[in-house]
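The sequence and model are shown first.

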Amino acid sequence: MLVDFIINEYWGKKENMTLKTRLEKDLGITGDDGIEFLDKFLHHFDIDYDKNRKWQLHFGPDGFGLIDFVSIYNRFRGKKDTRKQYDLTLEHLTKIIELGYWIDMND
């Protein structure tokens with residue numbers, strides 16, 4: 001069900017997807033495409049979620065943007081990047097479908 005949704009909406013081969021498959025790192029769904037994917041996912045599976053949630057926590061930026069430049073600049077200055085990014089896996093999304101509402105899972 002979830003794998004078919006991903007294939008129909010985006011890309012990928014069913015035989016390459018497992019519960020550990022990550023949207024961004026394994027399927028390449030990132031940036032604005034990632035936000036769009038989650039919007040479609042939430043509506044398609046009728047998932048209850050916080051409308052003010054910051055979905056960017058799950059995806060890197062499209063291309064090379066200002067945030068990337070600032071991150072590189074801070075790294076050279078010895079400052080640690082404190083932004084957290086959480087991988088979304090098919091296991092996580094499957095659990096959300098089962099529950100019917102969004103939950104965060106710690107890796």
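Thr21 is buried, its relative accessible area being 5%; buried means under 20% relative accessible area, exposed over 50% and partly exposed in between, with a 1.4 Å probe and protein chains only. The model is predicted: local features need pLDDT of at least 70, side-chain atom pairs count only at pLDDT 80 or more, and totals for chains, interfaces and linings use all residues. Residues are numbered from 1 along each chain as its sequence is written, and side-chain values use heavy atoms, with hydrogens and water left out.

Thr21 sits in the loop between H1 and H2. A polar atom of its side chain is 2.8 Å from the backbone nitrogen of Thr18. Met17 is also placed in the loop between H1 and helix H2 (31–44); helices are DSSP runs of H or I with at least four residues, numbered from the N terminus. Met17 counts as buried because its relative accessibility is 10%.

Contacts (heavy atoms within 4.5 Å) of both residues are listed here, leaving out residues up to four places away in sequence.

| Residue | Relative accessibility | Residues touched |
|---|---|---|
| Thr21 | 5% | Asn16, Asp26, Leu27, Leu88, Thr89, Leu90 |
| Met17 | 10% | Val3, Ile6, Ile7, Trp11, Gly12, Leu27, Leu90 |

Leu90 also takes part in the helix pair: Leu2, Val3 and Ile6 of H1 meet Leu90, Leu93, Thr94 and Ile97 of H4.

Note on methods. Helices (H or I, at least four residues) and strands (E, at least two) are DSSP runs, numbered from the N terminus. A polar contact is a pair of N or O atoms within 3.5 Å; within protein, one must be able to donate a hydrogen and the other to accept it, and residues adjacent in sequence count only if both atoms are side-chain atoms.
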